[in-house]
Amino acid sequence: MSDTAYKIGMCGLCGGQCAIGANLQDGRITSVERLKDHPYLPSDICVRGAALKQFLYHPDRIQHPMKRVGDSFVQVSWEEAVSDIAARLLKTREESGAKSTVFYAGHPKWFRKVYAELSSVYGSPNFVSESSTCRSATAMANQLVCGSQFLTPDTEGCDVHVVWSSNPAGQDGKMRQMNALKAAGKKLIVVDPHKTALTEIADLHLQVNPGTDGALALGIANVIISGGWEDREFIEKYTYGYEEYREYVKGFTPEKVSQITGIPIRQINEAAAMIASGKVSIRCANCAFLQGINGVQNLRAVLLLMVLTGNIGIKGTNKFMKMPPVKLDTFHHDLAERPDIWDDISRGEFPVWNETINNEGQCIRLADVILNEKPYKVRNLIAFGMNVGMWPQGDRIVEALKKVEFSVVTELFWNEACKEADYVLPACAAAERDTVAAGKKNHLMFVERLIDPGDKLPDVEIMLMLAHAMDLHGPFLDQPDYDAYMNYTMRNTGVTLAELKAVPEGIDIRNSTPPKPLDLESGIHTPTGKFEFVSTIIEKYSDRPGHDPLPVFNDWHDRLAEEMKEFPFTLVTGSRKPWFFHSRTFRLPWLSGLEKHTSLSICSNDAERLGLKAGDKAILSTPIGILEYSVMIDDGLKSGIVYVYHDDGEQNVNLLIDKDYLDPISGFPGYRCYVCSIEKAGR
Amino acid sequence: MRIVSDNKKCVGCLACVVACIDHHYPETEKDAVSGRLYKLTTGPSGFTKYVTESCRHCENAPCIDACPVSAISRTDSGWVIVDQDVCIGCQACASACPFDIPRFRSDGKMFKCDGCEGDPSCVKICPNGALKLL
């Protein structure tokens, strides 16, 4: 007899915590739907979540632990896999030291505290992650300027809200928030090289040339200072290095900035007047323009606009990040310390990273390290989630996986990394594992898994098994199993997992004492204790290229002047499409099939000049290589700019981006401002 | 009854298109046809995005009259639906429809919005409230 049911559970496809409704038949999901509202959890299922059943039941899902034997894989038991991997890790540590093992964490981030502890007690400095191209550069710039890795924009108390390079279309409720902000009479400034749903509702859209955000910020600062609109009192009391900064921005005249950024002088002046006109909060995307060779400096320049106008640390501006009232261990704050950080695989190439993001390493050079055995030989690569498309010239990561002596990849799908691994371990998707969620309003909830995971395990459970097999200890690693881990994450709430499971609607944590929010007196944890116009951390390394203590604008157009003669277009990769989450959903025909062809986007004027029409085949060339794409016309782009989605499964455009084209401070690749040429295929 | 889209609110994320497929097909269906159709449009500013539309469930639906095998009918609550067991794939409905709505699956059968028994999955999922049931 068939058994139908309706369950509320977690989508979690993108690493978020959206509650969804699921219809089930005999334990299988038949369809999902948005909940009208959920009292405690976000309920913003999106286009990706709508394809959840195709994601969960995809034939490429890894179902069992698999071991490489020759050129093929055989199914093994969890016991055999774990004991074999543990024995290998202990043996190589004995022979070559712990640093010869790299522990890599892909996305999402919920298991990182456990994983960092595993790497730490094993003794390796090489705990690294996808944040090497995503979050860390933002955190670095914030840390350098503000002494805090993240500041939260106050969208309710502000008069003006600035969104600097972020497109909320298809994201969890952001567009609704922006519409509400506008409806409340607040002004909206959007900085984006591309016209989006958000730029359409903006009071001012600054359509900046890719990678020139720093020049724009410095130019706006110049107008503000020239007008005498800076917040003198704030600057005197809370900042360091203002005089040098003021001298430096004088060079950024509206005329010059207009030429660099492609933004009319009138709009630069208008932006300055708006930013100086009241309480301003700003939202910067996590990576966007940080993926450029001057990314950290550009974001420093943007953040310093807020410092210049006193729009930081107080109501209506950007406030020091308020930790959620109920703090669990599922966000990667306070990671275990890395031993010997200066001996990690980056070997001090990015010293400012080590000074600011010290609990994980920069792994942008992972392929070089493994292939060249420099600074030392990496023997083991252990990965929980590994997408080779994250790196520029990711084909070299595949080569590195082939070369490294031993690799373990825990993944959802059989991907390119799995194919080269020695062990492939199946991870549960979020809908396949129980979760403790800390919701709104001091509320804790136990969210039961939607479907049976079969032989797959939660990543954390695998980490615990490895730690137990190696006799490694730590507060997380000493938990006997996944349930005990969940219970441990709740240790500061006074509630046990058993108690929580007994109350499906969850429990209010009335007695919790949220950490005291930081303010201007307690929150500025820079070396000088002030917001730094001149970075005293970067100053320590000012003999290195690009390490200017001031937020100096280095133009990538100068760096690539020679290449631009042959490759005159600006190539921007990494801008998102709502139905993809990087390359996590390209396998799902319902999503990848929304657009028939893998495409590059250019404006109609450029297309006409090149003799191209929508749907035509075109060859995209960079100094590194060529790929063929279908042409899509997008008049939301300025002439000379090419947008290509980064990895849609068929083609990975980041294969064409020079692996050495990096921000010298963060090590981030220049995905958002490289060069290319386009011509009609078959010519 | 019909579903209308406020294209000003629509951000072009296509959640409605996929939610429609999710509601009507098993995950193994690679050839799924959505009842919500979409096309790329460019606004006066150059902003380019997808907008969607679906069957208007017309009061005097010409497709009902055009169907030679009476596969198309109206439900008591006003939705115009197609019985795919009866549809012969002749595409007469497509010729009759003034809005170019009927689409045909690889088995030749017509597919279009059926109103999801009065609680459309596209309306439910729309993240910005662009879709409404009228």
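Biologist: How many salt bridges are there between chain A and chain B?

Modeller: A salt bridge is a side-chain nitrogen of Lys or Arg within 4 Å of a carboxyl oxygen of Asp or Glu, and the count between chain A and chain B is 3. In one salt bridge, the side chain of A:Lys53 meets that of B:Asp22 at 3.3 Å, N to O. This is a predicted model, in which local features need pLDDT of at least 70 and side-chain atom pairs count only at pLDDT 80 or more, while totals for chains, interfaces and linings use all residues. Residues are numbered from 1 along each chain as its sequence is written, chains are lettered from A and ligands numbered from 1 in the order in which they are written, and side-chain values use heavy atoms, with hydrogens and water left out.

Biologist: Which elements give two or more residues to the side of chain A that touches chain B?

Modeller: Helices (H or I, at least four residues) and strands (E, at least two) are DSSP runs, numbered from the N terminus. Among the elements of chain A that give two or more residues to this side are β3 (28-34), α1 (52-56) and β25 (626-633), and the largest share, 7 residues, comes from β3(A).

Biologist: What is the area buried between chain A and chain B?

Modeller: Buried area is the accessible area (1.4 Å probe) that two parts lose on being put together, summed over both. Here the area is about 2,600 Å², of which carbon and sulfur atoms give 59%. In chain A, the residues that lose the most area to chain B are A:Arg34, A:Trp590 and A:Leu594, together 24% of what that side buries.

Biologist: In what sense do β4(A) and β5(A) pair?

Modeller: Two strands pair if DSSP finds at least two bridges between them. Strand β4 (residues 66-69) and strand β5 (residues 72-75) of chain A pair in the antiparallel sense over 4 bridges, and A:Phe73 in β5(A) is the bridge partner of A:Arg68. Their hairpin has 2 residues between the strands, and A:Gly70 takes a positive phi near 65 degrees there. β4(A) is also joined by 2 bridges to strand β17 (residues 423-426) of chain A, again antiparallel, with A:Lys67 opposite A:Tyr423.

Biologist: How many residues of α12(A) are buried?

Modeller: Buried means under 20% relative accessible area, exposed over 50%, and partly exposed in between (1.4 Å probe, protein chains only). In α12(A), 14 of its 14 residues are buried. Just after this helix, A:Gly310 takes a positive phi of about 70 degrees.
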